[in-house]
2 protein chains.
Amino acid sequence: MTLPARLAVPYVVIAPDSFKSSLDAAALADCIAEGIRRAMPDAVCRLAPMADGGEGTIDALAAHGGKRRALQVRDAAGAPMRTEVLMDNGAVIETATIAGYGAAAMQATPVGQRATWGLGDAIRQLLDSGIRDIAVGLGGSSTNDGGAGMLVALGARLYDAHGAKVPPTPDGLRALARIDASGLDSRLASTRLTALSDVRNPLCGTRGATAVFGPQKGVTGDEIAQYDAILARFATLAEAATGLAARDVPGAGAAGGLGFAMALLGTRFASGAETIAARIGLEQLLEGAAWLITGEGRSDAQTLDGKAPYVVATYARLAGVPTTLLSGSIDPQALPALDEVFDGGCFSIAPGPVTLADALACAAWYATDRAAGLARLFAAARAARPA
Amino acid sequence: MTLPARLAVPYVVIAPDSFKSSLDAAALADCIAEGIRRAMPDAVCRLAPMADGGEGTIDALAAHGGKRRALQVRDAAGAPMRTEVLMDNGAVIETATIAGYGAAAMQATPVGQRATWGLGDAIRQLLDSGIRDIAVGLGGSSTNDGGAGMLVALGARLYDAHGAKVPPTPDGLRALARIDASGLDSRLASTRLTALSDVRNPLCGTRGATAVFGPQKGVTGDEIAQYDAILARFATLAEAATGLAARDVPGAGAAGGLGFAMALLGTRFASGAETIAARIGLEQLLEGAAWLITGEGRSDAQTLDGKAPYVVATYARLAGVPTTLLSGSIDPQALPALDEVFDGGCFSIAPGPVTLADALACAAWYATDRAAGLARLFAAARAARPA
């Protein structure tokens, strides 16, 4: 890759996450680049769509290398689906595309009947291909099964009190009495597993997977306590079967507890955004840059917990490049903290008081317009008479 | 006034109009200055709140010279009220404060019973004081009387078919049969009258005062045609009585037809924003400036019809100073045209999808935050590595 070492025009790096429900990271980066060129036609824009281990992880990495490989797996409802993993000195799997909200069968299936079978299916096929370095992006799951589905797909067996097999779904785990982990794929012992996540929650309790992330998956009311108790018992039995303690590992509560099951398999946890920034060579991309623009759907205090824009901004600061945040919305309460990180200002794409529906529907238009405005100001400030 | 000739820090001119219903121009300028200082503590900010002949005209002018003088006049409902005019090589009267929406008595009085008596009251008292140079800001009226109230207060008499006096309100004018202009104050002939307005509409017809501005004053449905016809007959009789034609003068339709009555008195029409920019010395203020920020409640295609931000931007362009527009909302459809004028970008204060009520309630907060973000980007762009 040639680096723009001494350009006569501003070199701008565009490294946003996605606007969920409206623009994926690549589309948003395209909009920002179009806006910048409208105001600074000579600017050199380098697009580096980001992700944080959730949806878009494979896309972000694939733009900079590696090869996509198709696999047949089960979706969250257990129906067969085709998915893609990225092969690049090992493999990268994306939970969001396998056990996320996208698959048609899943959408009619309640959360109590969803599981992470598909992750186990994918890992097993990669092991069959001789892959021994597998990273799993944990964000964007629709499941709350504690990773039981993945463990079953990799050879674990779940039984009720009568010795009958139970399905690895939250509803199935209600009857769980015993786990036999002896059938777990022995190749896992010699495999380097990495979980990409920005979530550091434990499996259970008030900060656990069910309490914090369950409601957005459809776990409501009394079910929250029930499913949390189901996962706690599953954890006790799984920890007994493997001889490992994992429920309180930071990240065990990621992806509906898939983090817990991965921790049982000896998985190393890494920041999704940090890993992606490193793999796409963000440090090199920033060499010689005059400006970095990042963004995400909603920016608030959580942004500073290692979300992609935060990670990108820390890289930029080290490189001496100012960072502007362009998001769907900026939490005004969090702005003072955000301002500490985004030294090039924090902005929303909104052209005025608009509804969320309008902002989602017009996100590409608004993002392009706002990026153009920011670029106009950037260019005007540089051209203005010196202080 | 000392000009900041060779400052070692950026010199920024802040010259917004008001955000109607939330922040007057001075308060908005304060917010912007606070935001700028948050990001650029050393910046020198010069505040030049603007107006366009409507509400805030006297405040904008008074910040740069002249003296306020209290007068007793009638409000739009005919109730006595105290108002202020500005004395500064002549006098400046503001229609918005005399026949606007502010006075308590007016608010219970329908538009059919409102009139511009108070303008005549003020002019007469200024004439009594020997003033022979009077400017009237026409914006922000709540009346639709064709200026009949002002003419009556200055000595004109209105009669019905039986020779009885009729009130100079739209409902009173229904019975109008004859106008006697012989009693008009003779001192007006030797007085220089100036109307400050950005409205170039005629008195009557589809582009007239009633059709275009009546609805926002409460003229609805069939009343629009009725009141338009009433003003047309009033104009015919008034023109006959004075021997002057004025109904099609550009601006005759301003302030519910007050422009028409002023035109009958030999008034010269001038752009409100242009006049204010000239009187506050905007050209001198811009000398040595690195950046100008302006703004208004809503920016759309009408902004380019001589509204304050447009006028301010034309001054800045001549001075070689980039202009950023910070408004309550930016019409996305008008952005391409706005971008031609505001070379430092067009931005809304909105931090994301918000309701109009929220934007109005939090306008000061949001405006300060956005100004800080813009200043951060401005400073970052200047400090960024050169192209």
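# Interface and fold of the two-chain model

The contact between the two chains takes 53 residues from chain A and 53 residues from chain B, where contact means heavy atoms within 4.5 Å. The model is predicted: local features need pLDDT of at least 70 and side-chain atom pairs count only at pLDDT 80 or more, while totals for chains, interfaces and linings use all residues. Residues are numbered from 1 along each chain as its sequence is written, chains are lettered from A and ligands numbered from 1 in the order of writing, and side-chain values use heavy atoms, with hydrogens and water left out.

Of the interface residues of chain A, 100% are also interface residues in chain B, so the copies meet through the same surface. Chain A and chain B bury about 3700 Å² between them, with 63% of it on carbon and sulfur atoms; buried area is the accessible area (1.4 Å probe) that two parts lose on being put together, summed over both.

Between chain A and chain B, 9 residue pairs are in polar contact, both residues being at pLDDT 80 or more. A polar contact is a pair of N or O atoms within 3.5 Å; within protein, one must be able to donate a hydrogen and the other to accept it, and residues adjacent in sequence count only if both atoms are side-chain atoms. On the side of chain A that touches chain B, the elements that each supply at least two residues are β14 (329-330), α14 (335-341), β15 (346-348), α15 (356-361) and α16 (363-383). Helices (H or I, at least four residues) and strands (E, at least two) are DSSP runs, numbered from the N terminus. The largest share, 12 residues, comes from α16(A).

| Salt bridge | N to O distance |
|---|---|
| B:Arg376 and A:Asp339 | 3.2 Å |
| A:Arg38 and A:Asp369 | 3.1 Å |

A:Arg38 lies in helix α1 (residues 25-39) of chain A and A:Asp369 in helix α16 of chain A, so this pair ties together parts 331 residues apart in sequence.

Chain A has 16 helices and 15 strands. Its C-alpha trace spans about 80 × 45 × 35 Å along the principal axes.

Notes. A salt bridge is a side-chain nitrogen of Lys or Arg within 4 Å of a carboxyl oxygen of Asp or Glu.
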